[in-house]
Amino acid sequence: MADLEDDVSQATVERSADGSGPLVVSLSGEVDMSNVHSVEAELRAVLGEPHDLVVMDLSALSFIDSSGIAALLRIAERVDRVEVRNPSTTVQRIIEATGLTGVLRLES
């Protein structure tokens, strides 16, 4: 787990310890232009080798701006499939409003 702190906002990136099933990466806090570079670097480090499926648990993510969405899309380019788990209403609306549910699939 890594805490990524900036003067304006904070985010935490955490990889699941479970070796079975898909890789689960949890994001919490806020991801915006003030910390997106650190968050994306941490996501790349956590992902490591290629994966068929990555589940992004966004249940504790309270805010994401367009730079954060762009970072998630760059991560999605590195894996076969991304599923978004438990986004807050705000984060879900942002993903839906951008028309990216085909790439950042909302887990049902």
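The average pLDDT over the chain of this predicted model is 85, and 87% of the residues reach a score of at least 70. Residues 1–8 remain under 50 in pLDDT. For this stretch the model has 20 contacts beyond four places in sequence. Where pLDDT is low, predicted coordinates should not be read in detail.

The packing of two helices was examined next. Helix α1 comprises residues 36–47, and helix α2 comprises residues 66–76. The two pack at an angle of about 20°, and their axes lie 10 Å apart. Because angles under 35 degrees count as roughly parallel, α1 is described as roughly parallel to α2. The crossing of the two helices is right-handed. On the side of α1, the contact is formed by V36, E40, L43, R44 and L47; on the side of α2, it is formed by S67, G68, A71, L72, R74 and I75. Sorted by class, the residues in this contact are six nonpolar, two polar and three charged.

One of the α2 residues in this contact, I75, was considered individually. The relative accessible area of I75 is 1%, so this residue is classed as buried, the cut-off being under 20%. When neighbours within four places in sequence are set aside, I75 is in contact with L43, R44, L47 and M56. The C-alpha atoms of I75 and V54 are 9.6 Å apart in space, while the two residues are separated by 21 residues in sequence.

Methods:
Residues are numbered from 1 along each chain as its sequence is written. This is a predicted model: local features need pLDDT of at least 70, side-chain atom pairs count only at pLDDT 80 or more; totals for chains, interfaces and linings use all residues. Side-chain values use heavy atoms; hydrogens and water are left out. Axes are lines fitted to C-alpha atoms, for helices over the stretch in contact, and angles run from 0 to 180 degrees between N-to-C directions. Helices (H or I, at least four residues) and strands (E, at least two) are DSSP runs, numbered from the N terminus. Angles under 35 degrees count as roughly parallel, over 145 as roughly antiparallel, 65 to 115 as roughly perpendicular and the rest as oblique. A crossing is left-handed if the near helix is turned anticlockwise from the far one by less than a right angle, and right-handed if clockwise. Contact means heavy atoms within 4.5 Å. Ala, Val, Leu, Ile, Met, Phe, Trp, Tyr, Cys and Pro count as nonpolar, Asp, Glu, Lys and Arg as charged, and the others, Gly among them, as polar. pLDDT is the predictor's confidence in each residue, from 0 to 100. Buried means under 20% relative accessible area, exposed over 50%, partly exposed in between (1.4 Å probe, protein chains only).
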